[in-house]
Amino acid sequence: GAFILNVSYFAVTARTFEVFNCFDEDPATRKHYLYADPTYSCSGGNHHRTLLVIGSVMVVFFAIGVPSMFLYLIRRAKCGSEGPAAVVNFLYVPYRSKVYMWQAENFARRFLIAAFVALSPHDTIILPIAIFVVVQVGAIVDVIIKPYVSVMQNRLEVMSNLVIMGTYFTGIVLSDERMDSEWNVVASVLVLAMNIAMVLTFAVAIAKNMVHRVRGGYMKMQEGPLHCTKKKLAEDVELLTRERDALAEENAELKARMARQLRLRLGVRG
């Protein structure tokens with residue numbers, strides 16, 4: 001459930017914001033229509049007001065509520081709480097301990113992109129600039145902070161941001177009707193090659209990680225008992241050494257006491 005909510009967060013949030021985006025089709029009649037569905041009139045009276053209420057509730061309880069719930073559970077899980085908090089381990093375990101709440105940045109990025117995609121006019125330059133700023137700032141922050149424990153994951157995050165920006169702006173270029181068909185083909189092949197390379201890189205990284213874990217687990221199974229036995233023997237030797245030293249001190253003290261008593265007796269007799 002937690003994984004599905006995390007994956008579907010962007011799509012559901014974007015669809016929720018679309019409820020609030022209407023455009024003026026005919027200024028003379030003052031009729032507005034939903035940008036996502038031009039057949040739906042935003043001037044429909046109570047029906048549209050009901051849709052706005054539902055959209056507002058979804059923004060509060062889903063677009064804002066789901067990240068808040070995840071961050072609360074992450075904090076509880078990090079503090080050692082058991083139960084429902086354990087289902088969000090995958091949201092903070094990959095990150096360094098100092099930035100274990102890094103999902104807040106991811107949720108904020110997806111929230112902003114969803115809002116811009118759903119609410120910005122598609123026939124202006126506002127949308128591409130807004131998305132570029134959000135993705136670019138996120139990429140720069142990832143490079144500076146390096147939130148992941150694994151160096152490979154940090155590199156993959158940077159690569160994915162670059163591929164996203166490249167794919168997005170190539171799509172903008174392809175949407176220009178003034179582009180020649182030959183350049184369209186070149187751009188399409190370039191985007192396809194970038195995405196295939198990214199998928200292959202992720203696949204190789206995942207395969208290496210799985211092999212490393214399998215080998216590491218096997219080595220622990222093979223070497224674990226011997227290592228534990230050596231450690232136990234070392235602890236036993238240290239304990240016996242301490243007991244021997246303590247007995248030697250007690251023996252020396254006992255000999256000194258007996259020697260003093262013997263001298264006292266000899267002195268009394270003399």
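Me: What elements does the chain have, and how many helices and strands?
Reply: There are six helices and two strands. This is a predicted model.

Me: In what order do the elements run from the N terminus?
Reply: The order is α-β-β-α-α-α-α-α.

Me: How many residues in the chain, and what share counts as buried?
Reply: The chain has 270 residues, and 25% of them count as buried.

Me: What share of contacts comes from residues 24 or more positions apart?
Reply: They make up 59%, taking the contacts with a separation of 6 or more.

Me: Let's go to H1. What span should it have, and how far apart are its end C-alpha atoms?
Reply: H1 covers residues 2–17, which is 16 residues. At 1.5 Å a residue it should span 22 Å. The end C-alpha atoms are 22 Å apart, so the two agree.

Me: Where does H1 bend?
Reply: At Ser8, by about 50 degrees.

Me: Which residues of H1 are buried?
Reply: Ala2, Asn6, Tyr9, Thr13, Ala14, Thr16 and Phe17.

Me: What do they pack against?
Reply: The buried residues of H1 pack against helix H2 (46–78) and helix H3 (103–119).

Me: Take Thr16. Why does it count as buried?
Reply: Its relative accessible area is 8%, and buried means under 20%.

Me: What does Thr16 touch, leaving out residues up to four places away in sequence?
Reply: Gly55, Met58 and Val59. Thr16 and Gly55 are 39 residues apart in sequence. In space, their C-alpha atoms are 5.7 Å apart.

Me: Which backbone oxygen lies 2.8 Å from a polar atom of the Thr16 side chain?
Reply: The backbone oxygen of Val12.

Me: Switching to charges. How many salt bridges does the structure hold?
Reply: Four. One of them pairs Arg15 with Glu18, with the closest N and O atoms 3.0 Å apart.

Me: Is Arg15 buried or exposed?
Reply: Arg15 counts as exposed, because its relative accessibility is 56%.

Me: What does Asp142 form a salt bridge with?
Reply: With Arg109, the closest N and O atoms being 3.2 Å apart. Asp142 sits in helix H4 (residues 126–145) and Arg109 in helix H3, so the pair ties together parts that are 33 residues apart in sequence.

Me: Are Asp142 and Arg109 buried or exposed?
Reply: Asp142 is buried, and so is Arg109. For Asp142 the relative accessible area is 3%.

Me: Which residues is Asp142 in contact with, apart from neighbours within four places in sequence?
Reply: Trp102, Glu105, Arg109, Pro147, Glu157 and Asn161.

Me: What about H3 itself, how many residues and what reach?
Reply: H3 has 17 residues. From first C-alpha to last it reaches 24 Å, close to the 24 Å expected at 1.5 Å a residue.

Me: Which residues of H3 are buried?
Reply: Gln103, Glu105, Asn106, Phe107, Arg109, Ile113, Ala114, Ala115 and Ala118.

Me: Now H6. What does Glu253 form a salt bridge with?
Reply: With Arg257; the closest N and O atoms are 3.6 Å apart. Both lie in helix H6 (residues 181–269).

Me: Last one, Ser160. Where is it?
Reply: In helix H5 (residues 151–174).

Me: Is Ser160 buried or exposed?
Reply: Ser160 counts as buried, because its relative accessibility is 16% and the cut-off for buried is under 20%.

Me: Which backbone oxygen lies 2.7 Å from a polar atom of its side chain?
Reply: That of Glu157. Glu157 is also among the contacts of Asp142.

Technical notes: Residues are numbered from 1 along each chain as its sequence is written. This is a predicted model: local features need pLDDT of at least 70, side-chain atom pairs count only at pLDDT 80 or more; totals for chains, interfaces and linings use all residues. Side-chain values use heavy atoms; hydrogens and water are left out. Helices (H or I, at least four residues) and strands (E, at least two) are DSSP runs, numbered from the N terminus. The expected span of a helix is 1.5 Å times one less than its number of residues. The bend at a residue is the angle between axes fitted to the seven residues ending there and the seven starting there. Buried means under 20% relative accessible area, exposed over 50%, partly exposed in between (1.4 Å probe, protein chains only). Contact means heavy atoms within 4.5 Å. A polar contact is a pair of N or O atoms within 3.5 Å; within protein, one must be able to donate a hydrogen and the other to accept it, and residues adjacent in sequence count only if both atoms are side-chain atoms. A salt bridge is a side-chain nitrogen of Lys or Arg within 4 Å of a carboxyl oxygen of Asp or Glu.
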